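Here is a short briefing to read alongside the model. Please keep the viewer open as you go through the points.

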Amino acid sequence: MTRALVFLVAAVVGLVAWSVPAPADQACKPVVGHFEAILVPPGQGHCPVAPPPPEPSLCTAGRVWGGIQGNYQFVSTGILSCTAIAGPPEIFFFTGRSTIALKSGDQLLGADTGSIDLVSPFGGFASLITFDGGTGAMSNATGQIRLRGEFSASEGTTAGDYLGTLCSQ
């Protein structure tokens with residue numbers, strides 16, 4: 001090939017590459033806010049019937065406000081006593097799914113993991129929600145929020161705050 005032809009081919013390839021739209025990048029933003037929820041008994045609302053003992057079922061429903069605003073639901077998919085690794089008997093590890101119905105009408109979905117004190121009067125918990133999609137503008141959502149708060153077994157409530165990053169297109 002001659003030098004002019006090589007230059008022409010390179011120019012055409014560059015022009016085509018420049019004119020093809022790139023996939024939309026995700027826009028990430030920090031989110032900070034609060035949440036409150038109540039326990040939902042097995043077999044009621046969005047909470048499935050409890051699995052056979054000894055596997056407890058844990059479901060909550062509530063609201064979030066701040067950087068993420070809407071109503072949310074949590075359904076556990078597994079709970080394990082901390083005694084399995086020589087921990088205190090009142091602490092449990094959990095995993096599950098969270099669904100947040102945003103004020104926009106879109107849904108934000110995520111895997112929710114953490115630990116919770118289900119027994120003592122101190123009732124603390126911490127969790128990490130890793131976003132993995134949703135509906136509408138949240139269909140490709142990613143990011144994570146870290147939650148920490150209080151759990152009252154006697155009242156069946158949780159409340160606390162969250163901090164993290166939400167990425168969407």
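## Lead: a disulfide and the ground rules

Cys 47 and Cys 59 form a disulfide, with 2.1 Å between their sulfur atoms; a disulfide here is a pair of cysteine sulfur atoms within 2.5 Å. This is a predicted model, in which local features need pLDDT of at least 70, side-chain atom pairs count only at pLDDT 80 or more, and totals for chains, interfaces and linings use all residues. Residues are numbered from 1 along each chain as its sequence is written, and side-chain values use heavy atoms, with hydrogens and water left out.

## Confidence

- The protein chain has an average pLDDT of 85, and 81% of its residues score at least 70; pLDDT is the predictor's confidence in each residue, from 0 to 100.
- Residues 1-23 have a pLDDT below 50, and beyond near neighbours in sequence this stretch has one contact in the model, where contact means heavy atoms within 4.5 Å.
- Where pLDDT is low, the predicted coordinates should not be read in detail.

## Overall build

- Read from the N terminus, the order of the elements is α-β-β-β-β-β-β-β-β.
- Of the 169 residues in the protein chain, 33% count as buried; buried means under 20% relative accessible area, exposed over 50%, and partly exposed in between (1.4 Å probe, protein chains only).
- Among contacts in the protein chain with a separation of 6 or more, 47% are between residues 24 or more positions apart.

## Cysteines

- How many disulfides does a search of the whole structure find? The search finds two disulfides.
- The link of Cys 47 and Cys 59 is right-handed, with 70° about the S-S bond.
- This pair links distant parts of the chain, 12 residues apart: Cys 47 sits in the loop between strand 1 and strand 2, and Cys 59 in strand 2.
- Both ends are buried: Cys 47 has a relative accessible area of 4%, and Cys 59 has 1%.
- Another disulfide joins Cys 28 to Cys 167, with an S to S distance of 2.0 Å.
- The torsion about the S-S bond of Cys 28 and Cys 167 is about 110°, so this disulfide is right-handed.
- Cys 28 belongs to strand 1 and Cys 167 to strand 8, so the pair ties together parts that are 139 residues apart in sequence.
- Cys 167 counts as buried because its relative accessibility is 7%.
- With the bonded cysteines of the protein chain numbered in sequence order, the pairing reads 1-4, 2-3.
- Cys 82 is buried too, at a relative accessible area of 8%.

## The cavity

- The count comes to one cavity of 30 Å³ or more. On a 1 Å grid over the protein atoms alone, a cavity is a set of points where a 1.4 Å probe fits but cannot get out, a pocket is an open set with protein on both sides within 12 Å along at least five of seven lines, and lining residues have an atom within 4 Å of a point.
- The largest cavity holds about 220 Å³ of space; grid points are joined across faces, edges and corners, and a volume is the space filled by probe spheres set on the points.
- Which of the 18 residues that line the largest cavity are the closest to its centre? They are Thr 60, Tyr 72, Phe 74, Asp 112 and Phe 125.
- Elements that give two or more residues to this lining include strand 2 (59-66), strand 5 (107-117) and strand 8 (157-168).
- The lining of the largest cavity divides into 13 nonpolar, four polar and one charged residues; Ala, Val, Leu, Ile, Met, Phe, Trp, Tyr, Cys and Pro count as nonpolar, Asp, Glu, Lys and Arg as charged, and the others, Gly among them, as polar.

## The pocket

- The largest pocket has about 150 Å³ of space.
- Among the residues that line the largest pocket are Cys 28, Lys 29, Met 138 and Leu 166.
- Strand 1 (27-39) and strand 8 each supply at least two residues of this lining, and the largest share, three residues, comes from strand 1.
- By class, the lining of the largest pocket has six nonpolar, four polar and one charged residues.

## A surface position

- Thr 77 lies in strand 3 and counts as exposed, at 57% relative accessibility.
- Leaving aside neighbours within four places in sequence, Thr 77 is in contact with Thr 95 and Gly 96.

Conventions: Helix = DSSP H or I, 4+ residues; strand = E, 2+ residues; numbered from the N terminus.
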